Amino acid sequence: DKAPVQREVVGLFRWILTLRAKASAEQLRCFVECLKWRSRFAPPTTFPFEWNLFVPSFNCAMEHALKNWQKAHDDDMSFLAHHECEVKLLMPWHLVLAVRRETQSWGNVGEALNALVPSGSLGARTFGHA
C-alpha cells in the first residue's frame, strides 16, 4: 500500500465537507467510509494538523450514525464495537474499553468518562448520560 499524499488527503477531507451526513444515508456512508480509509491508510500521526481541522465534522457524522443505530438497537456500546476503527480516530480507545468493561459503578471509571465526554459530540452523546 502506498502512503497517501498530503494534497490527496486534504482534497478528500475537503470534498467530504461538501456533504451533509444528515442529508442522506449515502452521504453519511461517505463520512464513515472516509474514516475507515483513514484508519487503514493514514494513521493519526499522518498530517495531524489537517486531521484536527476535520475531526469535528467526522464527530458529527458519527454522532448521526449513532442516532440511526439507536433507532434499531438499545446498546450504544455495540455501536462503538461495530465502528471500532472509526471510533478509535475520534476518542481514546483505551478509555472506551475501560468504560465498556465496567459493570459496577460509573464512579469506577470517572476519569475515563471525564476525558471521553468532552472528546467531541460522539463522546458527549455516548457517555454524557453517565
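This is a predicted model: local features need pLDDT of at least 70, side-chain atom pairs count only at pLDDT 80 or more; totals for chains, interfaces and linings use all residues.
**Colour by confidence**

Start by colouring the chain by pLDDT. The average over the chain is 88, and 95% of the residues score at least 70. Confidence is highest in helix 5 (residues 84-87), at 93, and lowest in helix 1, at a mean of 88.

**Helix 1 against helix 3**

Select residues 6-16, which form helix 1, and residues 48-72, which form helix 3. Their axes come within 11 Å and cross at roughly 25 degrees. Angles under 35 degrees count as roughly parallel, so helix 1 is described as roughly parallel to helix 3. The crossing of these two helices is left-handed.

Now show side chains. On helix 1 the contact is made by Gln6, Val10, Phe13, Arg14 and Ile16. On helix 3 the partners are Glu50, Trp51, Phe54 and Phe58. By class, the residues of this contact are six nonpolar, one polar and two charged.

**Helix 2 against helix 3**

From helix 2, pick Leu28, Phe31, Val32, Cys34, Leu35 and Arg38. From helix 3, pick Trp51, Ser57, Phe58, Ala61, Met62, His64, Ala65 and Asn68. The contact of helix 2 with helix 3 has ten nonpolar, three polar and one charged residues. Trp51 and Phe58 of helix 3 belong to this contact and also to the contact with helix 1.

**His83**

Next, select His83, in the loop between helix 4 (76-82) and helix 5. Is His83 buried or exposed? Its relative accessible area is 11%, so His83 is buried. Leaving aside residues up to four places away in sequence, His83 touches Val32 and Met62. Val32 belongs to helix 2 and Met62 to helix 3, and both take part in the contact between those helices.

**Gly110**

Finish at Gly110, which lies in helix 7 (residues 110-116). Gly110 counts as partly exposed because its relative accessibility is 23%. To place Gly110 relative to Cys60, draw a distance between the two C-alpha atoms: the separation is 24 Å in space and 50 residues in sequence.

Notes: Residues are numbered from 1 along each chain as its sequence is written. Side-chain values use heavy atoms; hydrogens and water are left out. Axes are lines fitted to C-alpha atoms, for helices over the stretch in contact, and angles run from 0 to 180 degrees between N-to-C directions. Helices (H or I, at least four residues) and strands (E, at least two) are DSSP runs, numbered from the N terminus. Angles under 35 degrees count as roughly parallel, over 145 as roughly antiparallel, 65 to 115 as roughly perpendicular and the rest as oblique. A crossing is left-handed if the near helix is turned anticlockwise from the far one by less than a right angle, and right-handed if clockwise. Contact means heavy atoms within 4.5 Å. Ala, Val, Leu, Ile, Met, Phe, Trp, Tyr, Cys and Pro count as nonpolar, Asp, Glu, Lys and Arg as charged, and the others, Gly among them, as polar. pLDDT is the predictor's confidence in each residue, from 0 to 100. Buried means under 20% relative accessible area, exposed over 50%, partly exposed in between (1.4 Å probe, protein chains only).
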